[in-house]
Amino acid sequence: MLEPVEKIWMDGKFVAWEEANIHILTHSLHYGLAAFEGIRCYKGKSGSAIFRLHEHVDRLFDSAHIGMMAMPYDKKHLAEAIVETVRINRLDACYIRPLVYIGYGAMGVHPGDNPIRVAIAAWKWGAYLGDDALTNGMRACISSFTRHHVNVSMTKGKISGYYVNSIMAKREAKMAGYDEAILLDAEGYVSEGTGENVFIVRRGKLKTTPLTSILEGITRSAVIELAKERNIPVVEERFTRDEMYVADEVFVTGTAAELTPVREIDNRKIGNGKPGPITMALQKTFFSIVRGEDPSHVSWLTRI
């Protein structure tokens, strides 16, 4: 359950958490066209900071543009509102959810001139897949659900309705006793998790799905950069489910999942069934940076 905080930013002003309501006939509630971001703020040795705020704001605007939702605020205004949402709620570490949606007005598939509305909420949220998964790795399965085809869903947009696919895959995985689902694309290659990008390590080489038909993960790009800085070969190319089975290491990345090892897929151990050395080295570096202990990527952090 969410732990309420004091205020949510809605259309340019702060309202009390319990008063942040919308009309039941809000267009996006019925038809799923909305855009959102997941952003993390970390507590560090020099105070709190938001990880890659401007990249997240850029992607939110891209998603809104793909969905033909004209943003009523500019990027600077929205970035400042995100920072202020964390500050006004006195949160030292949190998850932040900006949401752009089509408001109340016309009903039917075509939204007409319904207003485009924006909200920003923040709350305390720990490890998305659990602290044990971060340390010891999680169990995943290949989903029976296929990930979005590029000519069915525009995969560069972080669009709310697309996540019905993720919800179904996640429910299926949890009911089968797994922590997470990994989805294949329409041609049978590994695509994404329900909210994460997928990496494998084999023979010292790091491989991840190319951006052809997946969301441009912001944590994904950070991990690729960190790997290259450490002279770990990185390849962006398609791979199959059985290549994951025989990988030395597998991990997933995302704002919510951060960098979580995968110890088992479809009841098959990955490597020796424990998080591998490359995974753990990258995870350690990532957390050192976001917590302000490693100054090598200070530009990734926006201080609160």
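1. The side chains of Glu37 and Arg59 are joined by a polar contact of 2.7 Å, where a polar contact is a pair of N or O atoms within 3.5 Å, one able to donate a hydrogen and the other to accept it within protein, and residues adjacent in sequence count only if both atoms are side-chain atoms. This is a predicted model, in which local features need pLDDT of at least 70 and side-chain atom pairs count only at pLDDT 80 or more, whereas totals for chains, interfaces and linings use all residues. Residues are numbered from 1 along each chain as its sequence is written, and side-chain values use heavy atoms, with hydrogens and water left out.

2. Glu37 lies in the loop between strand S3 (34–36) and strand S4 (39–44), strands being DSSP runs of E with at least two residues, and helices runs of H or I with at least four, numbered from the N terminus. Glu37 is buried, at a relative accessible area of 1%; buried means under 20%, exposed over 50% and partly exposed in between, with a 1.4 Å probe and protein chains only.

3. The buried residues of H5 are Asn165, Ser166, Ala169, Lys170 and Ala173. They cover an arc of only 125° around the axis, so they sit on the same side of H5, the arc being that of the directions from the helix axis to the C-beta atoms. The face turned away from this buried side carries the exposed residues Arg171 and Met175.
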